Amino acid sequence: MKALVLDAEWNPQPQYDLSDHERESQRASNSSKVWQEPTLHLEDRDRPEPGEDEVLVRVRYAGVCGSDVSMAGSDDEGYTHYSAYTRFPTVIGHEFSGEVVETGDNCSLFELGDPVTAEVTDYCGRCHMCRQGFHGHCENFEQLGFTIDGAFAEYVTVPEKILWDVSSLANQFKDEDRMYKAAATIEPSTISYYGLFKRADGILPGDYYVFHGIGPIGLTGMNVSRAAGAGKVIAFEPSDPRREIAHKLGFEHVYNPLETDPAAKVDDVTGGEGADVHVETSGAVNATYSVMEDSLSERANVVHISNAASAPEVDLRKYQAASAQIYGTEGHTGQRVYPRTIRMMAAGQLDNLPIVTSTFSLDNAVEAVEQAAKRVDGKVLIEM
Ligand SMILES: [Zn+2]
Ligand SMILES: [Zn+2]
């Protein structure tokens with residue numbers, strides 16, 4: 001089968017404190033200090049065999065994530081931009097849909113032909129974090145498309161316990177192709193769902209939201225918050241094409257933060273009440289936090305989703321005065337997040353298809369990652 005493989009050279013920086021576990025497992029915790037000269041190439045591989053607790057999925061669509069772009073990119077010294085966990089060479093790709101074509105001996109939850117999508121983190125279920133219910137922070141985790149082979153390939157093996165059936169989408173999307181396309185956008189949607197409704201505390205229907213930055217995570221997040229009954233959804237985004245996509249999705253309050261005073265705009269749109277929910281999805285935290293602090297409603301929730309390297313100055317007094325709080329959030333594992341995101345999509349409340357702006361064949365998967373790196377698309381998909 002064909003697969004898009006990311007390879008790089010294991011070359012830990014001398015000042016990086018490499019742990020014994022990293023050395024033994026050849027899995028970097030901070031990839032940007034360890035992996036040099038990342039390259040992408042298409043490879044012919046044997047079709048993988050599912051282990052006894054795994055399901056073999058024939059991939060239909062897979063989305064290119066900002067993480068894929070950042071893994072393939074490098075700094076002046078050739079080190080990958082991506083700062084979290086990876087092991088290379090690995091087939092990348094972790095936002096996908098497909099159909100079940102084979103099941104391992106211990107598997108019983110899926111039938112051949114079932115349409116599915118998957119969570120990213122394979123957790124052990126036995127470590128200290130897992131035993132407390134924090135599966136997303138498992139001490140022995142593997143991640144599809146990061147530390148183990150992912151979905152930019154004709155087939156992928158997935159642990160049965162992180163696979164979810166999406167046949168409930170068939171009614172809403174009628175033709176199968178549209179259904180599989182939509183299902184490939186479930187994973188990015190769950191990132192916001194988890195941050196807004198599992199991490200933050202007490203977000204209510206009717207709340208006013210501001211999304212700071214609307215790449216794929218911000219755009220799917222806007223859809224999730226509208227489906228959850230947002231009073232108004234405001235967005236700030238410097239890219240013209242991305243603002244255009246948000247307008248096409250039916251959002252009215254979408255502005256270029258470089259051409260307006262964002263805090264004054266929030267004040268204006270919310271009638272002086274400020275925003276109840278601020279979502280940081282831009283990574284440009286040195287610009288966005290001061291805007292948030294000047295437009296917090298009473299009891300505002302700030303949901304920090306982006307993976308920003310820089311540390312903004314935070315004016316604590318403003319949070320104190322507004323009884324506001326900042327919630328850090330990462331990932332989406334467990335806690336009812338996947339089934340509910342799928343239900344919203346099946347109910348017709350979460351339609352991400354207009355966010356998909358480019359589709360490439362697997363033969364052109366390298367170009368797909370390059371296209372996503374231009375940061376003008378909603379979502380770039382690869383069709384297998
Ligand atoms: Zn992703
Ligand atoms: Zn664990």
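How much area is buried between domain 1 and domain 2, and what share of it do carbon and sulfur atoms give?

Reply: The model is predicted, so local features require pLDDT of at least 70 and side-chain atom pairs count only at pLDDT 80 or more, whereas totals for chains, interfaces and linings use all residues. Residues are numbered from 1 along each chain as its sequence is written, chains are lettered from A and ligands numbered from 1 in the order in which they are written, and side-chain values rest on heavy atoms, with hydrogens and water left out.

The domain assignment places 2-185 together with 352-383 in domain 1, and 189-328 in domain 2; such bounds come from an automatic or database assignment. Taken over C-alpha atoms, the centres of domain 1 and domain 2 are 27 Å apart.

Between domain 1 and domain 2, about 980 Å² is buried, and carbon and sulfur atoms give 53% of that area. Buried area here is the accessible area (1.4 Å probe) that two parts lose on being put together, summed over both. Eleven residues of domain 1 meet twelve residues of domain 2 in contact, that is, with heavy atoms within 4.5 Å.

Four residue pairs, both at pLDDT 80 or more, form polar contacts between domain 1 and domain 2. A polar contact is a pair of N or O atoms within 3.5 Å; within protein, one must be able to donate a hydrogen and the other to accept it, and residues adjacent in sequence count only if both atoms are side-chain atoms. The count of salt bridges between domain 1 and domain 2 is zero, a salt bridge being a side-chain nitrogen of Lys or Arg within 4 Å of a carboxyl oxygen of Asp or Glu.
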